[in-house]
Amino acid sequence: TSGLETRRRKHYWTLPELSVAESFPSWTDLAEYPQEVRPAMALPPTDWRSWLTLYFERHVAGGFSPYHEAFWDWVWSIIPQHNAVPYVACWPRGSGKSTGAELGCVAVGAREARRYVLYVSGTQDQADDHVSNIASMLESKQFGDTYPSVADRLVGKYGASRGWRRNRLRAASGFTVDAIGLDAAMRGAKLEDARPDLIILDDVDSELDSQETIDRKIVALTRKILPALAPHGAVLVVQNLVHPEGIMTRLVDGRADFLARRIVSGPHPALEGMTYERQDSRVILTGGVPTWAYMSLERCQAVVDEIGLRAFLAECQQQIEQAGQPRFNREAIAQHRLSCRPPLPWTVLPDWAKVEGMDVWELPRPGESYVMMTDAAE
């Protein structure tokens, strides 16, 4: 046997609860032994549910919905040097989108499925917060006992850390996580020479984004960030719908021409078939089937009591609306464009109607009076 195998067998044999004749215990068998005598080098579980339960039980205490399970099947399908179809998780607020993305980042690092992760958010501060959460997960004791090279920071020749700060994690195994905000990318921030093999987009939209801001974010995303992806890279996008013209909305409704081969999970509401009634100033939820058992009708009621019905419909039911009072009726304009026909070509117009900047749909008839009116707001 290899030296590592020999060391592991020797480690197990020294425990009073295990005899020489016993084979390696599985991780589930370890529960029978007191914490202080459990083997520190126990082999990790091979399925995602057991892996999450063993190392991050607190983070997944609410269990899994069907869309959680589909997401983790995708994470577990990522293997080294192989492409993965982009995954778009459009889940309701409070469903563990960011927690899942952060845990997914830890999982690919632990399983050596990816080496360099770029964690992208709308702002640099948001991205830094997510990377800080990932650091806390990596530093947890039980995870570190099994994956010491991933939990320990990379150090130089003289013991100085090579990167374990708010916006960058560099583990001893070589696994690296960098944070970048789209606001920094729009200002011209440079990505390093290393090409990420996993890009996570988390909370890239904001409710109050202007159309100009959205356009600039898309340019930064499609011309700076996504082109940096390694040939075998994977992309994960997580967010609920927050803006009718936002990046997530375009990925869900099909308008986005980037990440074209994407898998779209959602948009999932917190409650299917939600009904409610008003009692004085309070809104009472009277029905609805939770899409995640943990987010029960009672929990949803508590959220409604806290943030109000309008915010609950937007954040948890994915029923977004244009912020403020729009000057233009977007639906009416879209319908009008469908009914419009092109103007008359210049070749059929008389010379007096050929005016630069003026389109003509119909020539005036002799003897009829005409009035022209323009109202730019309508």
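Some ground rules. Residues are numbered from 1 along each chain as its sequence is written, and side-chain values use heavy atoms, with hydrogens and water left out. Because the model is predicted, local features need pLDDT of at least 70, side-chain atom pairs count only at pLDDT 80 or more, and totals for chains, interfaces and linings use all residues.

Let me start with the whole chain. It holds 13 helices and 10 strands. Those are DSSP runs, numbered from the N terminus: helices are H or I with at least four residues, strands are E with at least two. Of the 378 residues, 42% are buried. Buried means under 20% relative accessible area, exposed means over 50%, and partly exposed is in between, using a 1.4 Å probe and protein chains only. Now contacts, meaning heavy atoms within 4.5 Å. Take those with a separation of 6 or more: residues 24 or more positions apart account for 65% of them.

Now to H4. Find residues 97–110. That is 14 residues, and the helix reaches 20 Å from its first C-alpha to its last. The expected value is also 20 Å, at 1.5 Å a residue. The expected span is 1.5 Å times one less than the number of residues. Is H4 enclosed or open? In H4, 13 of the 14 residues are buried, so the rest of the structure largely encloses this helix.

Which helices pack against it? I'll take two. Two packed helices are described by the angle between their axes and the distance between the axes. Axes here are lines fitted to C-alpha atoms, for helices over the stretch in contact, and angles run from 0 to 180 degrees between N-to-C directions.

The cut-offs: under 35 degrees is roughly parallel, over 145 roughly antiparallel, 65 to 115 roughly perpendicular, and the rest oblique. H3 passes H4 in a right-handed crossing. Right-handed means that the near helix is turned clockwise from the far one by less than a right angle; anticlockwise is left-handed.

Who touches whom? From H3 come Phe-71, Trp-72, Val-75 and Trp-76. In H4 they meet Gly-100, Ala-101, Leu-103, Gly-104, Ala-107 and Val-108. This contact has eight nonpolar residues, two polar and no charged. For the classes, Ala, Val, Leu, Ile, Met, Phe, Trp, Tyr, Cys and Pro count as nonpolar, Asp, Glu, Lys and Arg as charged, and the others, Gly among them, as polar.

Next, H5, residues 124–138. H4 and H5 pack at about 55°, with axes 10 Å apart. They are therefore oblique to each other. H4 passes H5 in a right-handed crossing. On the H4 side we have Ser-98, Thr-99, Glu-102, Leu-103, Cys-105 and Val-106. They meet His-130, Asn-133, Ile-134, Met-137 and Leu-138 of H5. By class, that contact has six nonpolar, four polar and one charged residues.

Back to H3 for a moment. Its buried residues are Tyr-67, His-68, Phe-71, Trp-72, Trp-74, Val-75 and Trp-76. What covers them? The cover includes helix H2 (48–55), strand E1 (87–89), H4, strand E7 (234–238) and strand E8 (263–265).

H2 deserves a look. H2 and H3 pack at about 95°, with axes 10 Å apart. That makes H2 roughly perpendicular to H3. Trp-48, Arg-49, Trp-51 and Leu-52 in H2 meet Glu-69, Trp-72, Asp-73 and Trp-76 in H3. This contact divides into five nonpolar, no polar and three charged residues.

Last, some backbone details. Most residues other than glycine have a negative phi, and most peptide bonds are trans. Just after H4, Glu-112 has a positive phi of about 55°. Glu-112 sits in the loop between H4 and strand E2 (116–121). At 60% relative accessibility, it counts as exposed. Asp-280 is not a glycine either, and its phi is positive at about 60°. Its loop lies between E9 and strand E10 (282–290). Asp-280 counts as exposed, at 81%.

And the cis bond? It joins Gly-266 and Pro-267, with omega about 5°. Pro-267 is in the loop between E8 and strand E9 (271–279).
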